[in-house]
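Hi everyone, thanks for making the time this morning. I'd like to walk you through a structure, so let me put it up on the screen.

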Amino acid sequence: MVSVNISVVDHVLLTTLDLGGTFVFAISGAVAAVKHRLDAFGIMVLAFAAGNVGGITRDVLIGATPPAAIDHLSYLGVSVLAGFIVFFWDALVTRLSNPVLWFDAVGLAFFAVAGAQKALLFGLNPVMAALLGMLTGIGGGMLRDLLVLQIPTVLRADLYALAALAGAAIVVAGDALHVQPIATTIVGGVVCFLLRYMAIRHGWHLPSAHSSGGE
Amino acid sequence: MVSVNISVVDHVLLTTLDLGGTFVFAISGAVAAVKHRLDAFGIMVLAFAAGNVGGITRDVLIGATPPAAIDHLSYLGVSVLAGFIVFFWDALVTRLSNPVLWFDAVGLAFFAVAGAQKALLFGLNPVMAALLGMLTGIGGGMLRDLLVLQIPTVLRADLYALAALAGAAIVVAGDALHVQPIATTIVGGVVCFLLRYMAIRHGWHLPSAHSSGGE
Amino acid sequence: MVSVNISVVDHVLLTTLDLGGTFVFAISGAVAAVKHRLDAFGIMVLAFAAGNVGGITRDVLIGATPPAAIDHLSYLGVSVLAGFIVFFWDALVTRLSNPVLWFDAVGLAFFAVAGAQKALLFGLNPVMAALLGMLTGIGGGMLRDLLVLQIPTVLRADLYALAALAGAAIVVAGDALHVQPIATTIVGGVVCFLLRYMAIRHGWHLPSAHSSGGE
């Protein structure tokens, strides 16, 4: 639909990030499915949904149809792989104190920077590219949580959407300043993860509307 | 993708309605977020979701990608503005007895007529244009309610989807009869709001399947 | 957008399947709405959502916009018809021990094969065509369940997504082997329904991650 020229390096970088994010989010989806005692196929469905819905939404919105996750089998492959890993070694995965949260944090970092990169490649303006990066990051997790009837982490967890936005904004700013994409991608991803780390471990958070009150 | 010729007047009218609807729905989303004690960024996310998902869905369905809410920063701007207003003056907003319901009713009226206008401009048949107007009106509120785990207002509230459909149908009928768009837009929006007003204040409602029974 | 040559037979087959699936899923949506005591219009909204969201999602993903359910009034027609039937004769429909489940099973069979057929016509690779068939089957029911705040049947019910995938895979395999579409469509649909039948009636199910444990 839209003719986009992507250099080989950009393409490899983008695909790696996208697949990496898909894998860890798929893990988080599969773990949530196991927690809610879904059967083997329910685990696969939730793994695929968590791993791919953010990217699919982004692709539909920027007009990149069919979305990469539908067009290339690799996305399905890593999602199913993640599902199998959780299915057979869930004792290992769930030994982490809150595995959904940690895998989610890594996936958020991958997707935030990948989403911003792809939106820039499709010519969106910088502000919207950063927001689409954020959306790519939060979309899959939102659906994962809704499907098992929980208020999405993004709406309750501290510094969640903001962490994704910060990571995406670094990528967008780097692009405007003509910095190497690989450098800004790494910095953006690390900043996003660190913000979530500080929120989960050390309770960093944003004020809520009633925070000035005496509650 | 689709080449659409829109007169300047139509364009201004459509944009005004769309942004107006976005603003009041964003208010309703932000108020729902405050009610559920989400943090500052959760408020922004819910404001944006409530204010823009109906229009984004409509645009994706009629092939108008990237959707206006992604392509123009003004939609983001009014959503964030609505979020800030609720964040800083929520005492003022929540003094209304049921603020989500009232802002929702105004947003429904704006979006129902705007959605129908835009669908007509993109050449949809009249019946579907009216239904897309309705969908634009109910989409954002549905996601807002789902995200905080409530059965969507549209499915429970009296005369909700019907009010949106009535407003949209007036716009579509006016178009078929070559009436001035501004006139039918105002009439359609007022009718939609009044139907909701009568439902909220005076309990107007449709029968349910068991209403003839003795319950 | 995409120029697709479809023979008349293919077109009639596809439309019949799509409308058939829409009808039975719409029945399941309307019954769920009645169960949750929604009003007449809520019934129509849930009937339309259950009957059409799977197909609309498929069409958006393969770039067939505007989706058939938006472009042709017949989809709206059968959805509204299903809503009226349930509204006026719900005593009849709800006499079945679990009507949502049974209508859902039939709709799943229709949509799984129709979705796979359409994805093949639009040139998707066989694996993704089978998965899109599955998605078409599960999409409408997922939204129906979410809208009334239940964990989607697809995630909890036994052999649900797998039944849809089996039906879709038969259609795709038949296409690769140049078998008559009508034959594989019937076989695929019947296999999908039978798998669900065995799951509902005789408790066939897949293992869950903890099934080997002593719980």
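**Starting from one glycine**

Let's begin with B:G51. Setting aside neighbours within four places in sequence, B:G51 is in contact with B:T22, B:F23, B:F25, B:A26, B:G29, B:S79, B:A82 and B:G140. Before I go on, please keep in mind that this is a predicted model.

Where does B:G51 sit? You'll find B:G51 in helix α2 of chain B. And is B:G51 buried or exposed? B:G51 has 34 C-beta neighbours inside 10 Å, and the cut-off for buried is 20 or more, so B:G51 counts as buried. For a sense of distance, take B:L206, which is 155 residues away from B:G51 along the chain. The C-alpha atoms of those two residues are 27 Å apart.

**One chain at a time**

Now let's step back and look at chain A as a whole. What is chain A built from? Chain A has nine helices and zero strands. Reading from the N terminus, the order is simply α-α-α-α-α-α-α-α-α.

How does the radius of gyration of chain A agree with that of a compact globule? For 215 residues, a compact globule would come out near 17 Å, and chain A has 17 Å, so the two agree. Along the principal axes, the C-alpha atoms of chain A fill a box of roughly 50 × 45 × 25 Å. Of the 215 residues in chain A, 61% count as buried.

There is also a figure for contacts along the sequence. Taking contacts in chain A between residues at least 6 apart, 72% of them join residues at least 24 apart.

**A pair of helices**

Let me zoom in on two helices of chain A. Helix α1, residues 8-35, and α6(A) have axes that come within 10 Å and cross at roughly 5°. Angles under 35 degrees count as roughly parallel, and therefore α1(A) and α6(A) are roughly parallel to each other.

Which residues make this contact? From α1(A) we have A:F25, A:S28, A:G29 and A:A32, and from α6(A) we have A:G140, A:G141 and A:R144. Sorted by class, the contact of α1(A) with α6(A) has two nonpolar, four polar and one charged residues.

**Two loop residues with positive phi**

A:R37 is not a glycine, yet its phi is positive, near 60°. A:R37 belongs to the loop between α1 and α2 of chain A. A:R37 has 13 C-beta neighbours inside 10 Å, so it counts as partly exposed.

The other one is B:H178, also not a glycine, with a positive phi of about 55°. B:H178 sits in the loop between α8 and α9 (181-202) of chain B. With 7 other C-beta atoms within 10 Å, B:H178 is exposed.

**How the chains come together**

Finally, the assembly. The copies use different surfaces, and 14% of the contact residues of chain B recur in chain C.

Chain A can be laid on chain C as well, by a turn of 120° and a shift of 0.0 Å along the axis, with an RMSD of 0.0 Å. Which residue of chain A comes closest to the rotation axis? That is A:L149, whose C-alpha is at 4.1 Å. For this pair too, the copies use different surfaces, with 13% of the contact residues of chain A recurring in chain C.

Now the interfaces themselves. Between chains A and C, 23 residues of chain A are in contact with 22 residues of chain C. On the chain A side, α2 (40-61), α4 (73-93) and α6 (126-147) each supply at least two residues. The largest share, seven residues, comes from α2(A). By class, the chain A side divides into 18 nonpolar, two polar and three charged residues.

Between chains B and C, 22 residues of chain B are in contact with 23 residues of chain C. Here α2 (40-61), α6 (126-147), α7 (153-156) and α8 (160-176) of chain B each give at least two residues to the side that touches chain C. The most comes from α6(B), with four residues. This side of chain B divides into 17 nonpolar, three polar and two charged residues.

That's my tour, and I'm happy to take questions.

Key:
Residues are numbered from 1 along each chain as its sequence is written. Chains are lettered from A and ligands numbered from 1 in the order in which they are written. This is a predicted model: local features need pLDDT of at least 70, side-chain atom pairs count only at pLDDT 80 or more; totals for chains, interfaces and linings use all residues. Two residues are in contact if their C-beta atoms, placed from the backbone, lie within 7 Å. Ala, Val, Leu, Ile, Met, Phe, Trp, Tyr, Cys and Pro count as nonpolar, Asp, Glu, Lys and Arg as charged, and the others, Gly among them, as polar. The radius of gyration is taken over C-alpha atoms; the globule rule is 2.2 Å times the number of residues to the power 0.38. A residue is buried if 20 or more other C-beta atoms lie within 10 Å of its own, exposed if 12 or fewer, and partly exposed in between; C-beta atoms are placed from the backbone. Axes are lines fitted to C-alpha atoms, for helices over the stretch in contact, and angles run from 0 to 180 degrees between N-to-C directions. Angles under 35 degrees count as roughly parallel, over 145 as roughly antiparallel, 65 to 115 as roughly perpendicular and the rest as oblique. Copies are superposed by least squares on the C-alpha atoms of residues with pLDDT of at least 70 in both.
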